Amino acid sequence: MPEDHANSWEARAAAHSFYGFTDLPSVRERGTVVVTHGEGAYVVDTHGRRYLDANSGLWNMVAGFDHPGLAAAAKAQYDRFPGYHAFFGRMSDQTVMLSERLAALAPFNDAKVFYTNSGSEANDTLVKMLWFLARAEGQPARRKILTRKNAYHGVTAVSASMTGKPYNEVFGLPLDGFIHLTCPHYWREGRPGESEAQFTRRLAEELDEVITREGPETIAAFVAEPVMGAGGVIPPSEGYFQAIQPILKRHGIPLVSDEVICGFGRTGEVWGADALGFTPDAIIASKALTAGYFPMGAVILGPELADRLQVAVDAIEEFPHGFTASGHPVGCAVALKAIEVILDGADGAAPLIDNVRRMTPVFEAGMARLAQHPHIGEWRGRGLMGALEAVADKDSGTPFAGHLSVSERIANTCTDLGLICRPLGQAVVLCPPFILDDGQMDEMFGKLETALERVFAEVA
Ligand code: PLP
């Protein structure tokens, strides 16, 4: 329960902080968890309570909360050169090196990288690039962006318009020209009697129909997360990207992979696109790019888009876009270190992606075990990200009544038990740090199981 005296951290947080993406009645009742520091996969609050953060912060703190190498990389760069920009023909040496590294990692040759401070800004930047390109190439009508219902691409006006969540109606969004196709979630969206292959085919046909209806010459890109994250960890139906990519190619529409969550190892591959078996025309990156130790996003353009954009920019001599902190040297130094830690192994430690691969079967076994519960309708996931979907009735998949707030209750009970996980719709989402060990995996599933039993005993 929150402490009510005026000097408590809870009261001070509530007095002067404007909360985003927070269920206020629940926080008013329970108080804010004010966190002071972290220890590996755990965070610690002002009362000294430890929580295993099975969400890696917001999917991003993949190396845990006290990685000495990452902090040292930031400190060393702060000491050497604490801040700079990437305007007017100047940029830091760290920025050059990070672009080289990302170009080498990209699933296509000759990539070009543009930096932002966040994933939202990276999506926003991508759309501005495509709008710029369309006008420069004499196709000013080519402005529409295709995404999917339930997708999450960010919160700026453009990236929120790409996001396929109904809550953006409160802002009068989406903007015109942002079209949301069916979410490729077979379990929820499949029709009675429809096989998974038929479902995939239906979605591919829908894409073709929408492109034809809207006019291919009006569509700038199709943007998709390989595995939807904030939509509730939704891997696409079998064969989805293989079915849609040829349609996009036939209509000359770029496929952009929003790898803000999947990128840099979450699925067990460097890119979610690798895991799902497709080659995108551009990549949006953030989060694990710096292991969450610095705010940074990036647009990584494949060769065709990069070349065409270069020609377009050369014609007017400048691309009029950039953020003060685009390509910040400390961010770039941290990102170089994070990539080393995750993919190469740093300072004598094994690459964290090896641990993702080792722990994935353990994670899947834990999820499958909890999914046997009579009130879990489905478990789904990929690599070290997964969701358990609560249902009132397992056979029909009927959800619990919304007013029961089942997933919020499960997450709150987990918090009381010292485990942070996230309610998303009626699902509970887990995406632990890449450093998770076997004991912590047991702790995570043990606490979640206790929470599920308690909450289902109350509501069912
Ligand atoms: N794209 C995806 C797939 C995301 O999951 C997110 C954030 O969770 C974003 C974009 C937006 O990133 P940011 O919160 O850094 O703006």
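This is a predicted model: local features need pLDDT of at least 70, side-chain atom pairs count only at pLDDT 80 or more; totals for chains, interfaces and linings use all residues.
The contact between them is made by Thr200, Arg201, Leu203, Ala204, Leu207 and Asp208 on the side of helix 9, and by Tyr240, Ala243, Ile244 and Ile247 on the side of helix 10.

Helix 9 itself spans residues 196–214, and its 19 residues reach 27 Å from the first C-alpha to the last, which is close to the 27 Å expected at 1.5 Å a residue. Within this helix, Phe199, Thr200, Leu203, Leu207 and Ile211 are buried, and because these residues cover an arc of only 115° around the axis, they lie on the same side of helix 9. After the end of helix 9 comes Gly215, whose phi is positive, near 95°.

A second pair of packed helices is formed by helix 4 (residues 68–80) and helix 13 (residues 329–344), whose axes come within 9 Å and cross at roughly 150°. This angle makes helix 4 roughly antiparallel to helix 13, and the crossing of helix 4 and helix 13 is right-handed. In helix 4, the residues Gly69, Leu70, Ala73, Ala74, Gln77 and Tyr78 meet a set of residues in helix 13 that consists of Pro329, Val330, Ala333, Val334, Lys337, Ala338 and Val341.

The buried residues of helix 6 are Gly119, Ser120, Glu121, Ala122, Asn123, Asp124, Thr125, Leu126, Val127, Met129 and Leu130. The axes of helix 6 and helix 12 (residues 303–316) come within 9 Å and cross at roughly 65°, an angle that makes helix 6 roughly perpendicular to helix 12. Helix 6 passes helix 12 in a left-handed crossing, and the contact is made by Met129, Phe132, Leu133 and Ala136 of helix 6 together with Arg308, Leu309, Ala312 and Ala315 of helix 12. Just after helix 6, Gly138 takes a positive phi of about 75°.

In general, most residues other than glycine have a negative phi, and most peptide bonds are trans. Val233, in the loop between strand 7 and helix 10, has a phi near 50°, a positive value in a residue other than glycine, and it counts as buried because 26 C-beta neighbours lie inside 10 Å. Ala291, in the loop between strand 9 (282–285) and strand 10 (297–301), likewise has a positive phi, of about 50°, although it is not a glycine; with 28 C-beta neighbours inside 10 Å, Ala291 also counts as buried. A cis peptide bond, with omega of about 10°, joins Leu173 and Pro174, and Pro174 has its place in the loop between helix 7 (157–162) and strand 6.

A further loop position is Gly383, which is found between strand 11 (376–382) and strand 12 (385–390). Gly383 is buried, because 24 other C-beta atoms lie within 10 Å, where 20 or more are required. When its neighbours within four places in sequence are left aside, Gly383 is in contact with Arg266, Thr267, Gly268, Val356 and Thr360. Gly383 and Arg80, by comparison, are 303 residues apart in sequence and 37 Å apart in space, C-alpha to C-alpha.

Notes: Residues are numbered from 1 along each chain as its sequence is written. Helices (H or I, at least four residues) and strands (E, at least two) are DSSP runs, numbered from the N terminus. The expected span of a helix is 1.5 Å times one less than its number of residues. A residue is buried if 20 or more other C-beta atoms lie within 10 Å of its own, exposed if 12 or fewer, and partly exposed in between; C-beta atoms are placed from the backbone. The arc is that of the directions from the helix axis to the C-beta atoms. Two residues are in contact if their C-beta atoms, placed from the backbone, lie within 7 Å. Axes are lines fitted to C-alpha atoms, for helices over the stretch in contact, and angles run from 0 to 180 degrees between N-to-C directions. Angles under 35 degrees count as roughly parallel, over 145 as roughly antiparallel, 65 to 115 as roughly perpendicular and the rest as oblique. A crossing is left-handed if the near helix is turned anticlockwise from the far one by less than a right angle, and right-handed if clockwise.
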